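Please read the following briefing alongside the sequence and the model. It is arranged by topic.

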Amino acid sequence: MVKTFGEFLIFMQSMLVRKERLGTLWQRTLDEAILIGIDSVFIVAIVSAFIGAVTCVQIAYNLVNPLIPKSTIGFMVREMTILELAPTITSIVLAGKVGSSIAGGLGTMRITEQVDALEVMGINSASYLVLPKIVAAMLMFPLLVVLAMVLSITGGYLAGTLSGAMSAQEYVEGIRTDFVPYNIVFALIKSVVFAFLVSAISSYKGYYTKGGALEVGAASTGAVTNSIIAILLADYVLAAVLL
Amino acid sequence: MIEVHNIQKSFNGNPVLKGITCTFETGKCNLLLGGSGTGKSVLLQCIVGLMKPDLGSITFDGLVFTNNKVDIKQEIRRKIGMLFQGGALFDSMTVYENTEFPLKMLTPEMSKEERRDRVEFCLKRVGLENAGTKMPSEISGGMKKRVGIARAIAPNCTYLFCDEPNSGLDPATSIKIDELIYEITHEYGITTVVITHDMNSVVEIGDHIIYLHKGQKLWDGNKDEILNTTVPELKEFIFSSSLVRAAKKVDEETEGGLAAATSDEAYNI
Ligand SMILES: Nc1ncnc2c1ncn2[C@@H]1O[C@H](COP(=O)(O)OP(=O)(O)O)[C@@H](O)[C@H]1O
Ligand SMILES: [Mg+2]
């Protein structure tokens, strides 16, 4: 465990020496951003809209006390999605989608000697392959999380009004009550940290794959499980430190 | 000329290379011959810098590769082209982009037009002038090797390393790839090192052959000398190839020269 962590730190450090030209790295980062960001919009949109909708319906179901105003439902949907559900669930979904694809891609490149081919050309493969992935993830996760916030709240609105649990006016009043802008900042900080964890852990798992196709599969699985555990741990630590 | 001096390498206390000293001659096809698991790939990885030997030195035309000067290492690396066993083409890039890649990365001063000319020249040289737009997944094993060769020679390499260029190819394609490597070596005066366990390649392209056995160099010489070797392990290796055995049989029946060179012991394997 300690040894793995040490190797991980050496891996991170190896990306920063003998770097390629910035233009090349930037171009690679844009390519990765498209793979990580644009290709994940669909799954993030579906998941967050439904989570918002389900959260709203369940809160409405639990709020039977006539003394509590209906706008509380909107308020609670907003609080839950912005603080926790949008950044954390989105990152867990992305750990599955992006993490497995990073680890699988790098693992395949490793076992088919594409990584060695880069090294023989005198290219720092860690810096060329991995650094752009990490930077791209740290740029794209926050954008996806913002999208997830908007869609969750919209999902809650649709579910709440269509099911007749409350009126549109009550919901909007709810989501505007006691709004703390810092919560959005906090969520974005979380998403950047999660992005780093998912992309770096998955890259590490993929980059050091040994063996054959079976090991590539194992590296992908390991990348996803380790990323999710890291996200949840970091989620707790950040909440304790920053809130 | 590449000089390898007393290279040793072990994995977890298990010695794989036990002090190998040999030279690879300029402008020739140097073959590293030996059975599976004798450490040929490990030696090659040490030479191209993918692995660090425990002991020993490697010198490329006087430049010492095994000291820790990063700029000298980088200078040598720029002159190295390598053909990997499976081709190791970048599978997100077309054949054209694969060949262009080292030029883009290593010679940024080259203009787009110069690069295009060079890529087209290299693809033509390996007989793939019409495959530029194909993806690696769409081409055959032999074509992948050709693209690998084109990519290796694109930046005008001085040293070319090939790890089992024939593995996974049918005999006819194997011979074509061997011929291509041989021609390119002699056309451009490249120092080529080819790993093989195939006697066909030895007879075909072996300008200089180094025989490895269990991590040691047991013999070196050229393809005319190899059949007259007195090293028992090498004899055994050569005559375990059924083609060579068949050739020897014919030879014996016609009382040719091969028979004199080999003992019965080697023949009776
Ligand atoms: N990275 C490695 N770690 C541990 N053992 C290795 C490694 N690479 C090669 N070996 C061992 O070294 C020996 C020689 O391997 P190799 O050079 O690939 O043989 P070949 O001559 O067939 O190319 C084998 O026994 C192999 O198990
Ligand atoms: Mg080998």
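**Cavities, pockets, ligand and chain features**

The lining of the largest cavity draws at least two residues each from H5 of chain A and from strand E6 (80-83), H3 and helix H5 (141-153) of chain B. Helices (H or I, at least four residues) and strands (E, at least two) are DSSP runs numbered from the N terminus. The model is predicted, so local features need pLDDT of at least 70 and side-chain atom pairs count only at pLDDT 80 or more, while totals for chains, interfaces and linings use all residues; side-chain values use heavy atoms, with hydrogens and water left out. Residues are numbered from 1 along each chain as its sequence is written, chains are lettered from A, and ligands are numbered from 1 in the order in which they are written.

**Cavities**

- On a 1 Å grid over the protein atoms alone, a cavity is a set of points where a 1.4 Å probe fits but cannot get out, and a pocket is an open set with protein on both sides within 12 Å along at least five of seven lines; lining residues have an atom within 4 Å of a point.
- Grid points are joined across faces, edges and corners, and a volume is the space filled by probe spheres set on the points.
- By this rule there are two cavities of 30 Å³ or more.
- The largest cavity has a volume of about 100 Å³, and its lining comprises 13 residues, with Met121(A), Ile80(B), Gly81(B), Met82(B) and Ala152(B) nearest its centre.
- E6(B) gives the largest share of that lining, three residues.
- By class, the lining of the largest cavity has 10 nonpolar residues, one polar and two charged; here Ala, Val, Leu, Ile, Met, Phe, Trp, Tyr, Cys and Pro count as nonpolar, Asp, Glu, Lys and Arg as charged, and the others, Gly among them, as polar.
- The second largest cavity has a volume of about 70 Å³, and the residues lining it include Val44(A), Ile51(A), Leu85(A), Ile89(A) and Ser152(A).
- Helix H3 (41-62) and H4 of chain A each give at least two residues to the lining of the second largest cavity, and H4(A) has the largest share, five residues.
- That lining holds seven nonpolar, three polar and no charged residues.

**Pockets**

- The largest pocket has a volume of about 1300 Å³.
- Its lining comprises 41 residues, and Arg110(A), Asp116(A), Gly49(B), Leu50(B) and Met51(B) lie nearest the centre.
- Two or more lining residues of the largest pocket come from each of helix H1 (2-14), helix H4 (71-111), helix H5 (114-120) and helix H6 (125-162) of chain A, and from each of helix H1 (40-48), strand E4 (55-60) and helix H2 (70-78) of chain B.
- The lining of the largest pocket divides into 15 nonpolar, 14 polar and 12 charged residues.
- The second largest pocket has a volume of about 810 Å³; of its 27 lining residues, Arg28(A), Asp31(A), Tyr128(A), Ser92(B) and Met93(B) lie nearest its centre.
- Helix H2 (22-36), H4, H5 and H6 of chain A and helix H3 (95-106) of chain B each contribute at least two residues to the lining of the second largest pocket, and H2(A) supplies the largest share, seven residues.
- By class, this second lining has 12 nonpolar, six polar and nine charged residues.

**Ligand 1**

- The residues around ligand 1 (those with a heavy atom within 4 Å of it) include Phe11(B), Val16(B), Gly35(B), Thr38(B) and Ser41(B).
- Taken alone, ligand 1 exposes 560 Å², of which the protein buries 57%; accessible areas come from the Shrake-Rupley method with a 1.4 Å probe.
- H1(B) gives the most to the shell around ligand 1, three residues, and the shell as a whole has three nonpolar, six polar and one charged.

**Chains and record annotations**

- Chain A has nine helices and zero strands, and its C-alpha trace spans about 70 × 35 × 35 Å along its principal axes.
- UniProt (unreviewed entry) places the feature "transmembrane region" at residues 33-61, 134-159, 179-204 and 216-242 of chain A; UniProt annotations may be inferred rather than shown by experiment, feature names are shortened, and positions follow the numbering used here.
- Residues 134-159 of chain A are 100% helix and 0% strand, with end C-alpha atoms 36 Å apart.
- Residues 179-204 of chain A are 92% helix and 0% strand, with end C-alpha atoms 39 Å apart.
- For chain B, UniProt (unreviewed entry) lists "domain: ABC transporter" at residues 2-239; this span is 39% helix and 26% strand, and its end C-alpha atoms lie 30 Å apart.
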